[in-house]
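Dear colleague,

Please find below the sequence and structure that I am handing over to you. My notes on what was found follow directly after them.

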Amino acid sequence: MGLLTSCIVTLMKRKNILIILFAATTIFPLAAQTDAQGNPLYKRSSIYSLMIKHTEQKMADEIHNEYVGIATPDKYNDHDLSVKVITLDSKLYKAKSDDENQAVTNFLEQNKVASRIVAKWFERDETDGSMYMDLIKERGLYNATEFDKELAARSSRSKALLEDAGEQLIGSTFVLVNDIRYIDKEKRAKVAGGILRALGAALGSVAGVDMSDTFDNIADLTESIRGFRVRINSFLYQLDWNESVAAEVYQHWGDKDYFENNRDKFHLKYVGKVESSGSTTNMQGINADLPSMIRKSLNRAIDENVANLQRNFEQFRCKTPIVSTAPITAYIGMKDGVGPESKYEVLETVEDEKGKISYKRVATIRPNKKLIWDNRYQALEEGAVGADLGCTTFEKTSGGQILPGMIIREIK
Amino acid sequence: MGYIDATSQKEVIPCIYNEARPFNEVGFAVVNKKGKYGMVDKQGNEVVKSEFDEISSFKKGIAVVTKSKKKGLLSEHGKLLTEVVYNFISDFNVYGIAWVNIGGKVDAKAKNCIKGGKWGVLAQDGSIRVPCQNGALFEFSKELKSEGYSGCEHKNLNFNQRKESDTLVTAGKYFAISKKLDYRAAYQNLIDGNGNVVMPADKENALFFEPKSGMVCCFYKDVKKKISGYRYYNLDTKQYITVGDLDGECAYGDFTEQIAPIYVKVDKNTVKTIFITKQGEKSEKYDYTNYLATSDSTGQWIASASGKCSLFDTNKELIIPEGRFSFIQFPDYSLPTFPGYAVRDMDGNWGVVDKQLNEQIPFKYKGVVGCGNWFYAKDKNKLWGIIDGNGNIVVDHQFYNIRINTNGKEPKIMYTQTSENSTYRLYNIAEKKLYTEEYANVVTLDNNYSWVVPSNSELFNDKYAYLTYKHIIPEEIAVKKAEGEKDTTIPVGFVIDNRCNHIVQSPITLKSWIYFMPEVYRKEKLGKRLTLSDEHRILLNISKRQRVYPMNEIIKNVEWDF
């Protein structure tokens, strides 16, 4: 038996000691929860992402400035820590290798990032060491009152709730280290400049003022940032959360000194890496200013890497709820790696009587090739095909009845 | 492909289609037969003949059909809403209108904008609002930035440099059109939302603005006479009225029903405001050199001349005639019961009158300002207090000055001063309690919170002050500030509740409050308050853009939020 199931788990919470017991199981499907707008709610994995800034490269400051403004992908919880940018004045050694990168791992280990991720889950107070379950309740979509009641009652269900939180929430926390490099490729963009100049002249004639200078400046800017590209190596790590690690937290709940002295007991495990293609981003539909172009290139490259990481590493695949069943649709698209050949399993969420959640496959689906949503950054402004769909439509390839709120997950 | 019954699993529509899309909510499905699209009902009857090259997905019950590269609109019931004649049909905007184009082409050299052809406007039911007869179609939209193609913003009209993905941006009450693509106002007709020309193109017009009240404000240039200035085009009489030469008179704004204010040059250094009527009369009667203001919410005007003040409505009808009062405040009509007009009589005393101008609160005050159904008033000793709509005292007259944030409601708290240069103190109106804490500056926030700068505190001697400064100024200066150096350029204070309890312990700038607010409210929901640890985290996250660390060094614990 594991630590959690073999011993009484003691939670010290504001001097209250909670003892958790266990019971037998029965499984039943779980009704989908929705937010105020009726959108299905579901448990998401969490990401802490940070960038390696190459100070020796031009555009380093501009890339840094735009990177910190990029939101966490919407299929994941934002688990960012306060450190978002680390610097390196040279290329990252062995950045192209798929093997675990020692420099990246060393940074994460030496800075005890795993312990900080755990501390964030329990909203640990640095001044007195106290910990809280509020974030777990929020992200786990647990009924807060029921959750507290079960814990206080030391019921068998409370143990299952903690196990569920551990498996589905805390254990699904990832660190994404993005090694971002600017690629200087000569590619003319004079056509766009010419158009701007022509429009400037036209505008001037309307407004009765000479606007040609303004437009010359815009045109010059367009040409100076011709061929803007970034290449990103994304290294993915996962929080190593198991029963013995969980016991470290729960058995020493709120013990300030113990946690500080034992941060080394928390670890990240290397999952893998991907490299963005470095292809030039289509700049149609955005302002011809440098921040907009950098933002678009960064967003596209990060989306590409997140999608490829999902494709390559099963544990990182996000789950998304079915929105409608006639036709079958979900708010997932090209940004999330949906392509003509993608396949997905439809999962029913089931909960045993102790509150433990698991997923049961009920069907498989594939996207309708003509109705794949292009939800990549600024696809709509670019006029990309499928950008206005709002969701991807799927077709059932096997299995039984599909209901709204069921979860889909990509399969190979 | 065909269709089977979901329950019996029996075939109900035979497998004769290349593609069979799901049935929509009204019982019809798009099918593809031998490469052509049509629609069938649940019995398999063809309701739209399979003759289209494509039928798009339905949005708001409408799909675009394509046949021989021409497009039209199809309803979810299978009814063709338009002829299939358009080269482009945009998505319908939130106002239910879409632009259409016949004959244009996507120009890859112009960032995929549509060039050429004739432009028009369709309504969501397929009816033609503006026929496709125009080489250019412009919208009035000051806010609209022509992102993606022109890289600039025009203040008056939006050009039709549109891509397929663009929609119209306005409700389409008015458009401007020209026969050919011409950006000059002189060649543009003003049309209403149904395509009727309401102001024909005039070669003297250099600019014109969207009318709000039947009068189109135009800037004109008379090349022969070498003059330019403003004029209005009356959409009812179809006549222009001239405001005047730009050197002497200038339009100030749009008409509010019957009148519009204009600037008139008195001499080299003086400009006065008068009104012009729709008939072009410049009213000397309402010649207001002292004060002129209009209420955004009601359109009412307050004006004064020679110490006499008037309140009048959008038709220039006097509500309060001149001669009785030397000052009038705009009343708050949004309240369920009208609180009264706060006015100053010709002797300089303030009081409140009702809608019939009968005295509601006696004229014995040196100042009266509305706050919800209450008024804060200054008595003969020049001390402020609060009175209700009948003149009953809510808070005694005891303060030299008070600061209130009412938001149209009776205030719960206010800040008081006992003399001109004294500090501010919190007064809790419900508790009738004046708190002893003293503040050098106060700003009232929502939910009875306030941002305050204590008058005599040593704010900046702890690590949180260091963090506070670090997110607003360079680090080396932040260290000095944290060590106690006073800063007068960047005010830093605390957020407190209605009992002077600190909601945020760390000194923060007023601007930083927006970063603290979500976590404060989240904690409130959980029945908790922000801790110092929480504040530390928020401050670190505010400053994360500025903070970078060498990858090869171990980052100090204080730089991490957990």
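At roughly what angle do the axes of helix α3 (residues 513-525) of chain B and helix α4 (residues 532-542) of chain B cross? In this predicted model, the two axes cross at roughly 150° and come within 10 Å. Because angles over 145 degrees count as roughly antiparallel, α3(B) is roughly antiparallel to α4(B). Their crossing is right-handed. On the α3(B) side, the contact involves Tyr515(B), Phe516(B), Glu519(B) and Lys523(B); these meet Asp534(B), Glu535(B), Ile538(B), Leu539(B) and Ile542(B) of α4(B). Sorted by class, this contact has five nonpolar and four charged residues, with no polar ones.

Helix α2 (residues 60-67) of chain A packs against helix α12 (residues 290-312) of chain A at an angle of about 65°, and their axes are 9 Å apart. This arrangement makes α2(A) roughly perpendicular to α12(A). The crossing is again described as right-handed. From α2(A), Glu62(A), Ile63(A), Glu66(A) and Tyr67(A) take part, meeting Leu290(A), Pro291(A), Ile294(A), Arg295(A), Leu298(A) and Ile302(A) in α12(A). By class, seven nonpolar and three charged residues form this contact, and no polar residue does.

As for chain A in general, it contains 13 helices and 17 strands. Of its 412 residues, 56% count as buried. Among its contacts between residues at least 6 apart in sequence, 78% join residues at least 24 apart. The accessible surface of chain A comes to about 17300 Å², and 50% of that belongs to carbon and sulfur atoms.

With kind regards

Technical notes: Residues are numbered from 1 along each chain as its sequence is written. Chains are lettered from A and ligands numbered from 1 in the order in which they are written. This is a predicted model: local features need pLDDT of at least 70, side-chain atom pairs count only at pLDDT 80 or more; totals for chains, interfaces and linings use all residues. Side-chain values use heavy atoms; hydrogens and water are left out. Axes are lines fitted to C-alpha atoms, for helices over the stretch in contact, and angles run from 0 to 180 degrees between N-to-C directions. Helices (H or I, at least four residues) and strands (E, at least two) are DSSP runs, numbered from the N terminus. Angles under 35 degrees count as roughly parallel, over 145 as roughly antiparallel, 65 to 115 as roughly perpendicular and the rest as oblique. A crossing is left-handed if the near helix is turned anticlockwise from the far one by less than a right angle, and right-handed if clockwise. Contact means heavy atoms within 4.5 Å. Ala, Val, Leu, Ile, Met, Phe, Trp, Tyr, Cys and Pro count as nonpolar, Asp, Glu, Lys and Arg as charged, and the others, Gly among them, as polar. Buried means under 20% relative accessible area, exposed over 50%, partly exposed in between (1.4 Å probe, protein chains only). Accessible areas come from the Shrake-Rupley method with a 1.4 Å probe; for residues, only the protein chains shown count as cover.
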